[in-house]
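Dear colleague,

I am handing over the structure below, and after it you will find my notes on what came out of the analysis. Please read them alongside the coordinates.

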Amino acid sequence: MTDLAAGPVGGSTTEPRRPDGVTTDPAGSRAPGLLARPWAVRTAEAVVSVVAAFAFALLCTRIDVNPLSRVGQVSGLAMIQKYAALVGLPVLAVLLYTAYKGSVARAQLAQRLVCAAVAGLSTGVVAGGIAVALNGTQWGLGGQEGDPGNLIGMANDMLRGQGVPGVYPPGFPGALAIWSKLFYGGVGGGGYALKDLQLICSALVGPMAYLSWRLLLRPFWALLIAVPSAILFLDPIRPYSHVTMIVMVPMLAGALRELRRAHELSTRSVVLRALGFGGSFGVMFLWYNGWFVWAAPGVFVLTMFVVPWRRGAARLKRALLFLGVTVLTAGVVASPLLYQLVKLGAQAKDRYAYLPVYIDPAYIMGWASDRSGRLTYHDWPWRGELAGQSAYTLLLLAGAALALGLGLRSIAVRTVAATLIGAWLLRFWFASHLAQDKAIQLYPRTTWIILYALMILAVLGLMFAVQRGTSWARTLQRVEDGKPVAGAIRPAVTGRMVAGAVCALALFATMGASWSADRYMPTTDPKAIPDGKSEIIDMGADAWRAHILVNRNGKCPKYDPAGPTDCAPVNYKLKEYNNEPDKGQLWCANVKSEEWALVCGSKRPW
């Protein structure tokens with residue numbers, strides 16, 4: 001029975017368990033029928049999670065409200081919650097029923113499938129909210145402005161045969177170009193294709209987060225990491241970026257686990273696993289490579305410690321074979337971008353400053369984009385009670401302390417800690433050179449990966465604490481006449497605890513997903529509408545921009561704020577932003593002209 005501990009409860013004593021407490025879950029083999037096969041259970045988990053995400057997002061496309069009215073937005077969000085309740089309550093009822101009335105095998109199977117469904121529904125709700133925000137327009141968030149406009153321009157360049165877009169990861173622009181070619185006629189259809197991919201990729205974040213952590217953890221613990229991180233980090237405007245970060249960390253831990261036990265495997269198995277990990281890393285690098293940069297220093301050092309240098313030639317050769325094939329495969333797959341980075345990397349300077357650049361660089365508990373509305377570095381972030389730190393910060397640090405204190409032998413804990421350290425050092429390296437080099441080099445984005453690492457460590461710390469506590473309890477419990485006395489820990493009891501925890505986590509998922517979707521509803525604040533003069537733009541501006549552009553059929557969007565005949569045309573000449581010359585000066589977004597000298601140390605260029 002899958003319980004709150006890291007290992008199976010009530011299973012065979014011959015079941016494989018890792019000494020670090022992080023395991024895969026072989027216990028599904030005791031389920032009845034076809035699902036008695038481990039591969040079938042894992043396949044069922046993946047299918048259930050993906051179908052739940054896509055089906056729910058598709059269901060929400062049927063919601064017809066005016067998203068440019070706040071009343072319409074509220075009605076749409078409420079409709080999404082109603083759908084979530086109608087879909088989710090029966091699923092959770094099945095989980096609770098099997099936990100109390102079903103056999104151990106059936107309860108475990110239900111638990112795995114329900115966890116997968118909850119992971120899918122969590123981001124399916126977000127994608128559904130974005131569908132409501134874009135109701136009536138065929139354009140994606142951002143329209144053809146800002147980063148969405150840059151992505152459309154990159155896709156157009158690819159369709160024109162101009163190749164990889166500089167040092168920007170070509171994965172998503174390439175997918176956008178292909179989708180535009182297949183369904184929207186190529187050049188000129190990128191804006192319509194972007195909406196599809198924003199919804200599809202947003203819905204997939206939850207399943208991908210859950211399934212990647214299932215490589216290492218039991219269903220409940222994988223879900224406990226996947227749902228909060230997927231909802232918190234999901235950016236539907238660029239949904240390809242953060243899913244790479246979320247998936248990369250467990251994949252790195254999985255690869256290091258295989259490296260550490262390569263001597264136990266056959267040569268064929270070592271090569272096949274290395275090809276799988278290397279190919280996956282290469283694809284993720286093309287999809288979004290920044291997270292690899294931040295994690296690289298710490299993971300490189302950890303890898304050198306994991307390689308068994310002094311444990312015999314045979315063991316060392318097998319480990320080096322796995323490492324070499326993994327690195328080589330990743331390099332071959334990622335070679336188009338690696339070539340561009342070597343060729344143009346020194347010329348690529350990120351000089352775009354926004355609110356997170358102006359705040360205390362040691363603050364990593366929250367994020368504000370360049371759509372920060374009326375927030376300034378004077379009033380954001382909000383300070384906590386203890387040396388500026390909030391209770392949330394202290395809880396994460398307490399969980400991290402448990403992980404390091406109880407689970408440092410775990411390769412998952414070591415990988416996450418190494419990732420955090422590498423990102424932390426690079427963050428302050430680039431931030432300390434900010435004034436001198438006039439370059440940001442994307443260092444504020446380390447906020448996400450550092451916070452993600454702390455969230456993971458907190459969950460792993462809780463997992464190891466519960467595991468240690470249940471182990472002590474079983475050691476102390478008394479047995480009379482061959483049966484445990486009243487109050488002894490039984491598999492059924494822990495199964496019910498997990499079922500209750502999953503229900504609570506599902507409620508958090510619906511609440512958190514609604515918060516996430518609400519941020520992207522079209523702005524109803526006239527001062528936040530981008531008119532070329534406003535310097536206060538909130539996150540709803542991107543959805544608002546999608547409603548002012550002409551649809552593919554030549555008609556204006558249903559709820560175009562300018563009226564049924566006054567929408568903007570498509571710009572077919574969009575070009576990739578790196579084509580502009582480097583001016584060697586910071587661009588300070590969301591800063592008034594008269595404040596540039598105070599904030600950025602220079603006058604505004606116009």
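Leaving aside neighbours within four places in sequence, Leu234 is in contact with Thr123, Val126, Ser202, Val205, Ser229, Pro239, Ser516, Arg519 and Tyr520. Please bear in mind, here and below, that this is a predicted model. Leu234 sits in the loop between α7 (219-233) and α8, and because its relative accessible area is 2%, under the 20% cut-off, Leu234 counts as buried. Between Leu234 and Ala127 there are 10.0 Å in space, C-alpha to C-alpha, although the two are 107 residues apart in sequence.

Helix α8 (residues 239-260) packs with helix α11 (residues 313-333) at an angle of about 155°, the axes lying 8 Å apart; since angles over 145 degrees count as roughly antiparallel, that is how α8 runs relative to α11. On the α8 side the contact is made by Ala255, Glu258, Leu259 and Arg260, which meet Arg315, Ala319, Phe322 and Leu323 in α11, and by class this contact has 5 nonpolar, no polar and 3 charged residues.

Finally, there is the second largest pocket, with a volume of about 620 Å³. Of the 22 residues that line this pocket, Leu252, Phe281, Phe292, Val299 and Val327 are the closest to its centre. The elements giving two or more residues to the lining are α8, α9 (267-287), α10 (290-306) and α11, and α10 gives the most, with 7 residues. By class, the lining divides into 18 nonpolar, 4 polar and no charged residues.

With best wishes

Key. Residues numbered from 1 in each chain as written. Predicted model: local features only at pLDDT ≥ 70, side-chain atom pairs only at ≥ 80, totals over all residues. Heavy atoms only, no water. Axes fitted to C-alpha atoms, helices over the stretch in contact; angles between N-to-C directions. Helix = DSSP H or I, 4+ residues; strand = E, 2+ residues; numbered from the N terminus. Parallel < 35°, antiparallel > 145°, perpendicular 65-115°, else oblique. Contact = heavy atoms within 4.5 Å. Nonpolar A, V, L, I, M, F, W, Y, C, P; charged D, E, K, R; others polar. Buried < 20%, exposed > 50% of the residue type's maximum accessible area, 1.4 Å probe, protein only. 1 Å grid on protein atoms, 1.4 Å probe; cavity = no way out; pocket = protein on both sides within 12 Å on 5 of 7 lines; lining within 4 Å. Points joined across faces, edges and corners; volume = space filled by probe spheres on them.
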